[in-house]
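Please examine the fold and the aromatic contacts of the model shown below.

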Amino acid sequence: MENSQNGPEYYSQYLDDGYRLAGTAFILGLISLGSMFIFPVFMTCICGPLSIILAILSKGENRKMISRAKLGVVFSVISLVLTALIIAGSVLLALRMMSDPVYRNELDQLVQRYYGYPLEELLPPGVFE
Amino acid sequence: MNAAGGKTSAELKAFARGTILGTLPVCIGANFIYSAVRFLLDNIVAGVLTDTTVLSFIMNTALSFLSAVFMGIFQAGLCLIYLKLVFGQPASVRDLFHCFRESPDRVVKLQAVISGLQLIGILPVQIYMSFFGQSGAVSPAGLLSMDRAALAGMAVRFGTLSLIGTVIQYAVSLFLGLSCYILLDFPELDTREILLRSVSLMKGAKRRLLYISLSFIPLYILGFFSFGIANLWVMAYEQAVVAAFYKDRIEAAGRTED
């Protein structure tokens, strides 16, 4: 396959594309961090990784990211770490609620109030044993 | 440059990033169509025959093989897009369907050989799971009723067979990984010549390609957390790197001939 030549116009376009992609990575990182307070976990899981990957691609042939892309990565990493902590905290809380009778009773009352069923009926058999 | 005279993995990645930077919509569009077709086909194949008879197993294996060959035509289209991009030529999403129009028989022959070899790798684990499935032990209830020693034995056998299958599949992809690009770049070659050329091009470069493909695992894991959406970009990046690797190898081969 023959190689085509790339002129100065191509280089200028190439820089524009890099800046645009870095801008997208920054905005996605910001959405990822902002959604921690509005719509946690789900939006962060979509926007965070996408922001990091776009930031990597925005480098083009350069070795370093531009500052906007770096900020996007920082925001995404912070939001992903916070999401991981939220998930881990939720799992730990659920486990504690299942093992501690006081917490379990509170949860049982909460579930009954919202769903009208006792907790044992909602969970698979053997969870509390 | 590395010891073998080719570009290093980092240099290839930088070149690939530069290549796809302005053409990401084309790459993502093509990857999306490819992934959607593959998802549909895989689900159709998995859902057609679900019972665990020997005839059903054979039919399922044959269907998987045929779907792999069919997807190979799309795969060749993807290779064409990235090949054009690394050689600085304009590419479009239409190129994904190029091999349906131009000499599909060559692509089918090549993909039949590659898919056949890869099938050999996964066949033992599929046979094991299929026969194990007949005893009902692969169902959650069956697994729960098994004692710990039997469960451990099953896990070891399954793990060993999966590992052997993965090694065979990786070996096939390392030796014949460039055959799709050769098929598109040299239309005059037949299937045997393409396979031989791929093996000869990969001489002394297999470790580099293995390193490249392994280095994308963290990005794929990251993409997995985004429900696979970000993997469309990771796929584009990886395919551009492999196309750049092919360009590098073919240029190195040209230098050697000179």
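In chain A, among contacts (heavy atoms within 4.5 Å) between residues at least 6 apart in sequence, 59% join residues at least 24 apart. This is a predicted model, in which local features need pLDDT of at least 70, side-chain atom pairs count only at pLDDT 80 or more, and totals for chains, interfaces and linings use all residues. Residues are numbered from 1 along each chain as its sequence is written, chains are lettered from A and ligands numbered from 1 in the order in which they are written, and side-chain values use heavy atoms, with hydrogens and water left out.

The secondary structure of chain A consists of five helices and zero strands, where helices (H or I, at least four residues) and strands (E, at least two) are DSSP runs numbered from the N terminus. Of its 129 residues, 33% count as buried; buried means under 20% relative accessible area, exposed over 50%, and partly exposed in between (1.4 Å probe, protein chains only).

Over all chains there are 10 aromatic pairs, that is, rings of Phe, Tyr and Trp (its six-membered ring) with centres within 6.5 Å; planes under 30 degrees apart count as stacked, over 60 as edge-to-face and the rest as tilted. One of them is tilted, because the rings of A:F26 and A:F75 have centres 5.9 Å apart and planes at 45 degrees. A:F26 belongs to helix α1 (residues 8-38) and A:F75 to helix α3 (residues 67-99) of chain A, so the pair ties together parts 49 residues apart in sequence. A:F26 is partly exposed at 22% relative accessibility, whereas A:F75 is buried at 18%.
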